[in-house]
Amino acid sequence: MPGIDECLLETMRLPGARGAALVDWTSGLALGTVGDPPGGDHETAAAEAAELARLAAEQHTFGPDDGAGAADPPVEDVILSNRDSYHVLRFVPTTFDSSVVLYLWLARADGNLALARIRLGEMAERLVLA
Amino acid sequence: MTMVGTTPPPRLPVRDRTSAGERSPGCVSPMLTRLAEERATGVLAREHGTLHLVEGRVVHAESPLAPGLGVLLTAHGALDAATWRDAEDSADEGRLLEHGVTPGALELAQVSALYDAAYFALAPSSTPGRFRYGAAHWLASLHPVPVADLERETLRRRALLRRIWPDPATDAAPLIRADPVAPPAVPPRQAAVLERVDGVRRAADIARELGRPAFHTLVHIRRLAAAGLVSSQPSPVADHPPDAADPYIALLKRVRDALEAL
């Protein structure tokens with residue numbers, strides 16, 4: 001029966017995982033953190049990840065185009081890469097009104113982006129949808 | 001040319017601004033800090049809300065300005081109202097888990113509601129807080145939060161609102177829609193808030209109706225205010241110049257308001 005900490009610890013078992021957090025992207029609050037903080041500080045990292053997630057979720061351009069009505073949030077995940085790492089933000093669907101992303105910081109040398117993306121999706125669902 | 005020596009003007013009398021908060025930066029409530037140090041268990045009642053403590057950590061918070069955990073969970077059908085009442089009456093969180101709420105979802109909603117209510121409970125108040133030693137709250141085991149974390153987050157939230165739009169008038173007053181000439185596109189979550197702005201509802205009312213944390217609603221309303229789409233209802237005595245409808249004058253007034261609020 002996973003809570004926030006169990007979910008984050010499971011995230012850290014992914015190959016190459018350096019740090020992870022559960023972030024509220026409206027307020028910028030880190031609901032939970034584990035591992036190393038990207039940039040040296042979990043709180044700042046959470047606030048900045050929240051800002052990126054908000055931009056992705058609020059722009060009309062990035063939503064689905066299948067005409068099946070508005071999804072909340074319209075985006076599944078955001079993937080950002082740099083020279084030595086990946087940052088993966090997975091939106092967590094909930095049955096109540098919330099705005100939460102699961103945020104994983106992945107080392108580029110030993111991380112597997114495709115695997116991480118799939119597993120983050122599964123973990124996000126398991127956290128809130130049983 | 002002779003130099004005339006003049007005595008320097010006396011120093012202007014300046015109010016001593018070294019208030020308690022500035023002497024120890026980061027301290028929102030000295031009483032709460034002391035309770036954390038003595039690992040107290042009980043309920044701290046402040047002007048705008050209450051904080052429940054167990055061994056010096058905050059385990060639950062309530063505020064009349066923020067929708068409670070029950071509202072968050074029942075508003076969108078995650079839980080039916082009868083089950084919530086049943087669990088609350090029997091003080092048994094297990095009943096929530098038996099009815100389709102997963103432990104992860106319950107923890108998520110509880111932390112969210114806790115920080116939300118605590119933001120209002122820790123707002124500057126005009127009356128002193130009262131602490132009653134007593135038993136633990138029934139949701140105490142879900143997600144205790146250290147007092148230092150809560151105070152730091154509360155300060156960060158105040159700064160976040162100020163950064164979005166510096167005028168706090170929209171936080172508590174009834175809200176009205178402004179109709180700018182070329183309105184910007186509104187993201188869906190903000191649009192849900194904007195739809196409910198009708199000249200009567202306040203931010204807290206809209207939050208309760210949407211089953212959404214009140215601080216989230218404040219954030220959305222400040223963004224809408226920054227975009228010129230929402231403003232606070234002016235008090236009835238305020239005079240309305242006849243040309244208020246002129247978009248340029250409306251814009252200038254918003255700029256003036258923003259500068260004054262800085």
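Four bridges join strand E1 of chain B to strand E4 of chain B, and the two run antiparallel. Here, strands pair if DSSP finds at least two bridges between them, while helices (H or I, at least four residues) and strands (E, at least two) are DSSP runs numbered from the N terminus. Within this pair, Ala45(B) stands opposite Arg130(B) in E4(B).

Before going further, a word on the model itself. This is a predicted model, in which local features need pLDDT of at least 70, side-chain atom pairs count only at pLDDT 80 or more, and totals for chains, interfaces and linings use all residues. Residues are numbered from 1 along each chain as its sequence is written, and chains are lettered from A and ligands numbered from 1 in the order in which they are written.

**The sheet of chain B**

Chain B has an open sheet of five strands in the order E4-E1-E2-E3-E5, with antiparallel pairing. Strand E4 (130–133) and strand E5 (145–146) of chain B are at the edges with a single partner strand each, so one side of each has no neighbour in the sheet. Helix H6 (residues 103–121) of chain B packs on this sheet, where it touches E1, E2, strand E3 (57–62) and E5 of chain B. Its direction makes about 80° with that of E3(B); contact means that C-beta atoms, placed from the backbone, lie within 7 Å, and angles run from 0 to 180 degrees between N-to-C directions of axes fitted to C-alpha atoms, for helices over the stretch in contact.

Val43(B) faces His52(B) in E2(B), and Ala45(B) has Thr50(B) as its bridge partner in E2(B).

| Helix pair | Angle between axes | Axis distance |
|---|---|---|
| H7(B) and H10(B) | roughly 20° | within 9 Å |
| H6(B) and H7(B) | about 70° | 10 Å |

Angles under 35 degrees count as roughly parallel, over 145 as roughly antiparallel, 65 to 115 as roughly perpendicular and the rest as oblique. H7(B) and H10(B) are therefore roughly parallel, whereas H6(B) is roughly perpendicular to H7(B).

In the second pair, Tyr115(B), Ala118(B) and Tyr119(B) of H6(B) make the contact with Leu150(B), Glu153(B), Thr154(B) and Arg157(B) of H7(B). These residues divide into four nonpolar, one polar and two charged, with Ala, Val, Leu, Ile, Met, Phe, Trp, Tyr, Cys and Pro counted as nonpolar, Asp, Glu, Lys and Arg as charged, and the others, Gly among them, as polar.

Arg157(B) also takes part in the contact with H10(B): together with Leu161(B) and Ile164(B) it meets Phe215(B), Leu218(B), Val219(B), Arg222(B), Arg223(B) and Ala226(B).

**Where the chains meet**

In total, 28 residues of chain B are in contact with 26 residues of chain A. Helix H3 (69–75), H6, H7 and H10 of chain B are the elements that give two or more residues to the chain B side. H6(B) has the largest share, nine residues. By class, the chain B side has 17 nonpolar, seven polar and four charged residues.

**Chain A**

Chain A has three helices and five strands, and from the N terminus on its elements run α-β-β-α-β-β-β-α. Its C-alpha trace spans about 40 × 35 × 25 Å along the principal axes.

The strands form an open sheet in the order E2-E1-E5-E4-E3, with antiparallel pairing. Strand E2 (30–35) and strand E3 (77–81) of chain A stand at the edges with a single partner strand each, so one side of each is left without a neighbour in the sheet. The twist averages 10° from one strand to the next.

Seven bridges join strand E1 (residues 17–24) to strand E5 (residues 100–107) of chain A, which run antiparallel. Ala20(A) has Leu104(A) as its bridge partner in E5(A). Helix H2 (residues 42–58) of chain A lies across E1, E2, E3, strand E4 (85–92) and E5 of chain A, at about 65° to E1(A). Helix H3 (residues 113–129) of chain A packs on the sheet too, touching E3, E4 and E5 of chain A, and its direction makes about 30° with that of E4(A).

Key:
Two residues are in contact if their C-beta atoms, placed from the backbone, lie within 7 Å.
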